[in-house]
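Work through the exercises below with the structure in view. Try each task before reading its solution.

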Amino acid sequence: MSGSSPAARLQRLFEGQRLTPTQRRIAHSMVRRAADAPFLSSVELAELAGVSQPSVTRFAVALGFDGYPALRRHLRDVTPSVADGADGADGTEESFNEYQQAVLAEIDNLRQLSELLADPGPVERAGRLLAGSRPLLVLGLRAASSQARGFGYFAAKVHPDVRVLDEGGSMLHDRIDAARRAGASALMCFALPRHPREGVDALAYAREQGLTVVTVADSAFAPVAAHSDLLIPAAVGTGLAFDTACAPMLLGRVLLEAMCDGLPEAQARLEEFDARAAARGLFVD
């Protein structure tokens, strides 16, 4: 991720820090509001993150600053002025309605994802891990269930054994056990806010059973981070009543592409599917 992105600068500031769950929550909130972060008071940031004001102060100290005012001064020093931004023609977004602003926010999320993918290493590693797992587990609960089902639908066209876990409950651990006994070595997880506790617990259990966990999450500071071997962040849009997840969906497709690169038989499977679909008249052109 290039240094030109406010979110990228914040990510770099937080990388390598040993943060408590509360502090990760604050960091996550700052990344989601990266453009506003240098101008938020400690009270405003505390309300945004759902924590106490003293927690914000301790967070700043944990990052090596004397207090929150020092952290905010630092962020202002490294933040370009509004005039340098790419907002509306008048330098603000006031000329756009709320629906347009939601779209523009998603465009910014996709731009951040593009910057992140400038280093293809993590995605390529993830692709190899997913391609090598027989069977391959794909986990996504509640808000992330559609991401898991979409990934699983396409993955099943090239991977010989894909098992989607999109419902929680007491059977979740049983299904992880069954896949592990069958030879599974990796689990693909989609994790979006609000993060279900049973999803976090399932990842912890999967790693205890020896599975390597690859995660797409809305932030590198999401609760699932502690239980992921490889986490690739893709921000969600928060401007509407319900979060939008264009970047996580696109990242899922990118991971599918990387997985196909690790499956020598992928192209043959796709051609076989197309031939059978044509013979059955499955699709209307």
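**Exercise 1: a residue in a salt bridge**

Asp108 is partly exposed, at a relative accessible area of 33%. The model is a predicted one.

Task: Find the salt-bridge partner of Asp108.

Solution. 
- Step 1. Apply the cut-off: a side-chain nitrogen of Lys or Arg must lie within 4 Å of a carboxyl oxygen of Asp or Glu.
- Step 2. Asp108 and Arg111 pass, because their closest N and O atoms are 3.6 Å apart.
- Step 3. Check the partner's surface. Arg111 is partly exposed, with a relative accessible area of 46%.

**Exercise 2: two further pairs**

Task: Which residue forms a salt bridge with Asp161, and which one meets Asp229?

Solution. 
- Step 1. Asp161 pairs with Arg163, with 3.3 Å between the closest N and O atoms. Asp161 is partly exposed at 26% relative accessibility. Arg163 is partly exposed too, at 28%.
- Step 2. Asp229 meets Arg207 in a salt bridge of 3.0 Å, N to O.
- Step 3. Asp229 sits in the loop between β4 (212-217) and β5 (230-233), while Arg207 sits in helix α10 (residues 197-208), so this pair ties together parts 22 residues apart in sequence.
- Step 4. Asp229 has a relative accessible area of 31% and is partly exposed. Arg207 is partly exposed at 32%.

**Exercise 3: the whole chain**

Task: How many helices and strands does the protein chain have, and what is its radius of gyration?

Solution. 
- Step 1. Count the elements: 12 helices and 5 strands.
- Step 2. Take the length, 285 residues. A compact globule of that length would have a radius of gyration near 19 Å. The chain has 21 Å, which agrees.
- Step 3. Look at the box. The C-alpha atoms fill roughly 65 × 45 × 35 Å along the principal axes.
- Step 4. Turn to burial: 41% of the residues count as buried.
- Step 5. Consider contacts between residues at least 6 apart in sequence. Of these, 68% join residues at least 24 apart.

**Exercise 4: charges**

Task: How many positive and negative side chains does the chain have?

Solution. 
- Step 1. There are 29 positive and 35 negative side chains.
- Step 2. The centres of the two sets lie 7 Å apart.

Conventions. Residues numbered from 1 in each chain as written. Predicted model: local features only at pLDDT ≥ 70, side-chain atom pairs only at ≥ 80, totals over all residues. Heavy atoms only, no water. Helix = DSSP H or I, 4+ residues; strand = E, 2+ residues; numbered from the N terminus. Rg over C-alpha atoms; globule rule 2.2 N^0.38 Å. Buried < 20%, exposed > 50% of the residue type's maximum accessible area, 1.4 Å probe, protein only. Contact = heavy atoms within 4.5 Å. Lys, Arg positive; Asp, Glu negative; His and termini not counted. Charge placed at Lys NZ, Arg CZ, Asp CG, Glu CD.
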